[in-house]
Amino acid sequence: MARRWVRYELPAMVCVEISETEELEEVIQVVLGVEESDIVLARDAEHRVLVFDENMERVAEDDPLARAAVSLAEARGEWPERGAWEEGPDALRDRWLYDEGDLEGVDLAARVAAGAEQGPLPRR
């Protein structure tokens, strides 16, 4: 069974309060747009949809498995309920956190030494 990751973008707005008379600034709110219309397919500079394989290597969007993955991902009714979504480091940057395989070949000590955040171990 093959896996494909379809990348999406969602807006994040950060409200910063800045005093006009003093040197005082403060971030007072962060809002993530998570409604269906806010979450859109991520695309590269040539407007191609970003699809990755299980090793987070880019896959051409016209690849049959990529087309099937995008089609299913765009069927929002197929998504798990919002409460089941995972939150954490970017899956593209820290793919090892979301790997369904075992830990063989994953050098956790090197990742920690390199400053990677600790997260859940890969699921089996």
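**Figure 1. Contacts across the chain of the predicted model.** Of the contacts in the chain with a separation of 6 or more, 49% are accounted for by residues 24 or more positions apart. The model is a predicted one. The chain has 124 residues, and buried residues make up 21% of them.

**Figure 2. Secondary structure of the chain.** Two helices and seven strands form the secondary structure of the chain. Read from the N terminus, the order of the elements is β-β-β-β-β-β-β-α-α.

**Figure 3. The largest pocket.** The largest pocket holds about 1,600 Å³ of space. Its lining consists of 35 residues. Those nearest the centre of the largest pocket are Trp5, Val6, Tyr8, Glu86 and Ala91.

**Figure 4. Elements that line the largest pocket.** Strand β1, residues 4-6, and helix α1, residues 64-74, each contribute at least two residues to the lining of the largest pocket. Helix α1 provides the largest share of this lining, namely five residues.

**Figure 5. Residue classes in the lining of the largest pocket.** The lining of the largest pocket contains 24 nonpolar residues.

How values were computed:
Residues are numbered from 1 along each chain as its sequence is written. This is a predicted model: local features need pLDDT of at least 70, side-chain atom pairs count only at pLDDT 80 or more; totals for chains, interfaces and linings use all residues. Side-chain values use heavy atoms; hydrogens and water are left out. On a 1 Å grid over the protein atoms alone, a cavity is a set of points where a 1.4 Å probe fits but cannot get out, and a pocket is an open set with protein on both sides within 12 Å along at least five of seven lines; lining residues have an atom within 4 Å of a point. Grid points are joined across faces, edges and corners, and a volume is the space filled by probe spheres set on the points. Helices (H or I, at least four residues) and strands (E, at least two) are DSSP runs, numbered from the N terminus. Ala, Val, Leu, Ile, Met, Phe, Trp, Tyr, Cys and Pro count as nonpolar, Asp, Glu, Lys and Arg as charged, and the others, Gly among them, as polar. Buried means under 20% relative accessible area, exposed over 50%, partly exposed in between (1.4 Å probe, protein chains only). Contact means heavy atoms within 4.5 Å.
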